[in-house]
Amino acid sequence: MKSKASKYVLLFTITYFVSYITRINYGAIISEMERDTQISRSLLSMALTGSFITYGAGQIVSGICGDKFSPKKLVTLGLGASSLMNLLIPLCTSPFQMLAVWCCNGFAQAFMWPPMLKLMTACLTEDEYKKGITKVSMGSSAGTIVVYLCSPLLISFWGWRSVFIFSAAFGILMIILWSKYCQDVSAEDSVVHTPKTADDNTAANGSGQNVFKVLFSPVLLCVMGAIILQGMLRDGVTTWMPSFISETYDLSNRIGILTGVIMPIFSILCYQVATRLYRKKFTNPALCGGLFFGIGLFSSLMLVLLNGQSAGVSVLLSALLTGCMHGVNLMLVCMIPSFFSHTGKVSTVSGVLNACTYVGSALSTYGIALLSENLGWGFTLLSWLALALAGTALCLVAARLWKRIFPKT
C-alpha cells in the first residue's frame, strides 16, 4: 500500500477506534452500573437498545447524507456530538435520562462509518480498499480492548462515571486530529472500483438501476437477514458476556468486565483470517460469511454443552463466537458495498446494510437481558445457537444467489 494511502487508512483506523471507545463503554460497564445504582438490568439496558435503534436509523440518514454532503464535516459532527453525550451521562440520575442521552449518542455515532466508507472509496484503489477496510475494521477491536482493559482500573479509582469522561477526552482529541489531517472530497467524488469478478453486463445493468431496487433484490434481502442475525450475536454476546461469566461462575463484576478483553483479540484474528480467505479462496463474500457463521454455530453449540463447567472455556467460546460475527460483518457489511460503486451510492448502500446490524443489536441487547433475568443463562445460550443456525442458512442461500449475479466470484 502506497505511503499516502497508508496515512489515510491510519487516520480512518484511529477515528473508528475512537468512535468505538465513545460508543461501547456503556455496555462494557453496565454490570457495574447495575451494582452501584441499584437500577435493574432491564431498565439500564433500555439505553443500549435505544442507542442501537437510533444508530441503525441514523446509518440510513448518514448514508444518504454522505453521498450528498461533505463526508469530513459529517464525521466531525458525529465525533463532537458523541463526546458531548459521554460528558452528559455521568450527570444522569435516572434510567430514562440515560435512555435519552444514549439515544442521541447512537444517532451521532451513525455519522461516522458511511461517510468514512465514502472517503475510502474516493481516496483508495480497489486493492488498497480491500486491504484498508480490514485495518479500519480492526480499529473497533482495538477500541474494545482499551475500554475493557481500562474500565476496571478507572472504576477502582474514580467509579464508573470516570469511564465516560475518559472516553469524551478521546473524542475531543480525535476531532482536532481529524480536522487537521483528513482530506475532504466532494459528494460526487468516487473511484469506480467495481470488483473484477463481476461481468460487464452486471455492472452495466446495475449502473442503470435505482439503488433501493438493487438493495431489495432477493440476494440482498438474504444478506440483510444474515446481517441482522450477526448483529444480534455480535453485540448481544459482547454486551452480556461479562454478566454471563460473573453470574454463572460467581465472579466479581470487575473480573467479568476484564474477561471482555479476550473478545476483541479473537475479532482481530478473525478479521485477518477472513480477509485472507476472501482474497485467496472464497471470493464470494456471502459464502465466506457463511463459513464464519458456521464456525460461530459450532462455538454456540459448545457453549450450550459445556455451560457451567469452566469459566475459561466459556470465555474462549464466547470470544470465538463474537470474533466469527466480526468476520461475517467484514464480509457482508464492509466488502459488499464496493460491488455497487458504479451506482455512485456507496455511502447509501453501506448505511442501509450497517443499519441492519443494529436492528439485530437492538433486539438482542434488551432481549438477552429479559431472557437471562427470567429464564436463565441456559435458555439464553440456546437462543444464541438458534440464531447462529439461521444465519448460516441465510448466508448459504445468499451465496447461491450471489453466484448467479457475479458468476466469477
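## A nonpolar patch on the surface

Helix H8 (residues 161-181) gives the most residues, six, to a nonpolar patch. Helices here are DSSP runs of H or I with at least four residues, and strands are runs of E with at least two, numbered from the N terminus. The patch is made of Leu87, Ile165, Ile172, Leu173, Ile176, Leu177 and Tyr181, with about 650 Å² of accessible area together. A patch takes residues with over 30% relative accessible area and no salt bridge; nonpolar side chains (Val, Leu, Ile, Met, Phe, Trp, Tyr) are joined within 5 Å, and like charges within 9 Å.

Ile172 lies in helix H8. Its relative accessible area is 44%, so Ile172 is partly exposed. Buried means under 20%, exposed over 50%, and partly exposed in between (1.4 Å probe, protein chains only).

## The model as a whole

This is a predicted model: local features need pLDDT of at least 70, side-chain atom pairs need pLDDT 80 or more, and totals for chains, interfaces and linings use all residues. Residues are numbered from 1 along each chain as its sequence is written, and side-chain values use heavy atoms, without hydrogens and water.

The protein has 17 helices and zero strands. Of its 409 residues, 60% are buried. The accessible surface comes to about 15,300 Å², with 68% belonging to carbon and sulfur atoms. Areas come from the Shrake-Rupley method with a 1.4 Å probe; for residues, only the protein chains shown count as cover.

## A buried alanine

Ala398 sits in helix H17 (residues 376-405). Its relative accessibility is 1%, so Ala398 counts as buried. Leaving out residues up to four places away in sequence, Ala398 touches Val219, Cys222, Val223 and Ala286. A contact means heavy atoms within 4.5 Å. The C-alpha atoms of Ala398 and Leu221 are 8.4 Å apart, though 177 residues separate the two along the chain.

## Salt bridges

Side chains of opposite charge can pair when their charged atoms come close. The structure holds three salt bridges. Each needs a side-chain nitrogen of Lys or Arg within 4 Å of a carboxyl oxygen of Asp or Glu.

Arg35 pairs with Glu32, the closest N and O atoms being 2.6 Å apart. Both are in helix H2 (residues 30-37), three residues apart, so about one helical turn separates them. Arg35 is partly exposed at 42%, whereas Glu32 is buried at 3%. Arg161 and Asp36 meet at 3.9 Å, N to O. This pair links distant parts of the chain: Arg161 in helix H8 and Asp36 in helix H2, 125 residues apart. Arg234 and Asp235 meet at 3.1 Å, N to O.
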